[in-house]
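Thanks, everyone. Let's get it on the screen.

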Amino acid sequence: MTHFVIVGAGECGARAAFALREKGFDGEITLIGSESLAPYERPPLSKAVDGGTAWPKFIAEPERYAASGIRLLTGVTVEDVDPEAKAVTLSDGSSITYDRLLLATGARARAFPGIAESSKHIRALRTHADAEALRNAMMPGKHIVIIGGGFIGLELAATARVLGTEVTVLEGLERVLKRGVPEEVAGAICERHLLEGVDIRCGVAITAMAEEGSKAIIHLADSDTISADLVLVGIGATPNTELAARAGLQIDNGIAVDEFLRSSAPDVYAAGDCCSFPLAIYGGRRVRLESWRNAQEQGALAAANMMGLGEAVSAVPWFWSDQYDVTLQIAGLAEGAVQHLRRDLGDGAFILFHLDQAGRLLAASGIGRGNVVARDIRLAEMLIAARAHPDPAALVASSVKLKSLLAA
Amino acid sequence: MSGNWIEVCAVEDIDEEDVMRFDHQGRTFAVYRSPDDEFFATDGLCTHEQVHLADGLVMDEIIECPKHNGRFNYKTGQAKGAPVCVNLATYPVKVEDGAVFISI
């Protein structure tokens, strides 16, 4: 019987496994994850969750794997891939042969230089276990220092404030969310954090960091010293490419795949955070995305291509972040934009449309309370996919429905 | 389906191919007007996370959750794939004298 093996049981790997069944694959499926839990959703790990939300939030009820004929192996690491023999070697010493292989190995939190990963009071966030440790430190009377003003750092800052924790955010660059978020939108988020009492310091350099008893001490270049009950390092992620590199696969800011998610080795695919791929809507530019939706969509796309359906990547990148009662959504990639048009939706909510020289819509970034920007961002995503050149006057006039531009 | 008929709004309060939130006695619903000018109603919250569907986009007979793009057929309540796997409850709708009513 044909055997498809999926390495990595996160959002991408789990979605790929179920997508194979939904698309009618009737061979064997083995899904291998290094964590002990069944696949769960990572977005809630950094966000404030109310008591009614499952924790962890499983991607599928654990019994659904067996019911769908998916062999789920948890707490096992894949040590080696042999593309010649078409086999993977597991950390328990066993070996599994495959007809087609999907690498969905994800990314890991980047470590702060010189800090051991096992530090009790200096931590990163990637897994449910990490999130548990962080939650336990979030309470009134405690002080958390967050290194890095990116999505993870700011979402955790909001979560910690909601739970009454004192929060300091240290950002090395001149503003938060420098990567991928326009200044106007980042400014609105920053203002909200300041209102909530977060101490945000930008342009700071950390010279040393150490654990002292039950505290972590951070030394700053301006000679200031900060004492924290817990330090969260949120300075980005590194794709898990070591396994692929050892197997001789081509690496280029991630496992390099083509538009059908095929790696440089026959019958080996890669998808999600771990891979870089060409994005046709932006002229075939090679990108790597770290996002929930990309992981999910590429998992399904890899499944289709492993079955020989020949579906090329076409999705528009899409990101979201929840902080307090505010949601930020971004569709597309704004690099190369020269014009930024603002559409105000009331109650402080707004969307920026990013257009290139020729007036083509490249990206849209929106922020507002609840999901007020969601519908327009979704429509912007469809306009971006259609490579539309929308009328600038219509984009800024909130009285004009964006849906009407789609038909144009 | 012997529930009471509750008045939701006037017909013209919902555009064609659009949706409106309707709250009643602590419950929340989503009421839709299809492109072919029929009215439908479902539970108001997505079955994936507790998000109001009325902030989402209606395209043809599909409502898309504003948060994670879970898709449902609002005429039948059927979940259309990841991340949603649980169907939405639907409710009977009628139009009388220019007003929309749902039975809950």
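This is a predicted model: local features need pLDDT of at least 70, side-chain atom pairs count only at pLDDT 80 or more; totals for chains, interfaces and linings use all residues.

On one side, H1(A) brings Glu11(A), Cys12(A), Gly13(A), Arg15(A), Ala16(A), Ala19(A) and Leu20(A). They meet Trp292(A), Ala295(A), Gln296(A), Gln298(A), Gly299(A), Ala300(A), Ala302(A) and Ala303(A) in H7(A). Sort that contact by class and you get nine nonpolar, four polar and two charged residues.

Now the geometry. Helix H1 of chain A covers residues 11–22, and helix H7 of chain A covers residues 292–306. Their axes come within 7 Å. The crossing angle is roughly 35 degrees. What is the hand of the crossing where H1(A) passes H7(A)? It is right-handed.

Next, a sheet in chain A. Three strands make an open sheet, in the order E4-E5-E6. The pairing is antiparallel. Which strands stand at the edges? Strand E4 (78–82) and strand E6 (95–97) of chain A do. Each has a single partner strand, so one side of each is left without a neighbour in the sheet. From one strand to the next, the twist averages 20 degrees.

Look at one pairing in that sheet. Strand E5 of chain A, residues 87–90, pairs with E6(A) over three bridges, in the antiparallel sense. If you want a residue pair to find on screen, take Thr89(A), which stands opposite Ser95(A) in E6(A).

Zoom out to the domains. Chain A is divided into domain 1 (3–108 + 237–306), domain 2 (122–233) and domain 3 (325–407). How far apart are the centres of domain 1 and domain 2 of chain A? Taken over C-alpha atoms, 30 Å separate them. As for contacts, nine residues of domain 1 of chain A touch eleven residues of domain 2 of chain A. The domain 1 side of that contact has five nonpolar, one polar and three charged residues.

On to chain B. Eleven of its residues are in contact with eleven residues of chain A. By class, the chain B side has five nonpolar, three polar and three charged residues.

One annotation to finish. An unreviewed UniProt entry places the feature "domain: Rieske" at residues 6–102 of chain B. What is the strand content over residues 6–102 of chain B? The chain there is 44% strand and 0% helix. The end C-alpha atoms of that stretch are 5 Å apart.

That's my tour. Over to you.

Notes: Residues are numbered from 1 along each chain as its sequence is written. Chains are lettered from A and ligands numbered from 1 in the order in which they are written. UniProt positions are given in the numbering used here, feature names are shortened, and annotations may be inferred rather than shown by experiment. Helices (H or I, at least four residues) and strands (E, at least two) are DSSP runs, numbered from the N terminus. Two residues are in contact if their C-beta atoms, placed from the backbone, lie within 7 Å. Ala, Val, Leu, Ile, Met, Phe, Trp, Tyr, Cys and Pro count as nonpolar, Asp, Glu, Lys and Arg as charged, and the others, Gly among them, as polar. Axes are lines fitted to C-alpha atoms, for helices over the stretch in contact, and angles run from 0 to 180 degrees between N-to-C directions. A crossing is left-handed if the near helix is turned anticlockwise from the far one by less than a right angle, and right-handed if clockwise. Two strands pair if DSSP finds at least two bridges between them. Domain bounds come from an automatic or database domain assignment.
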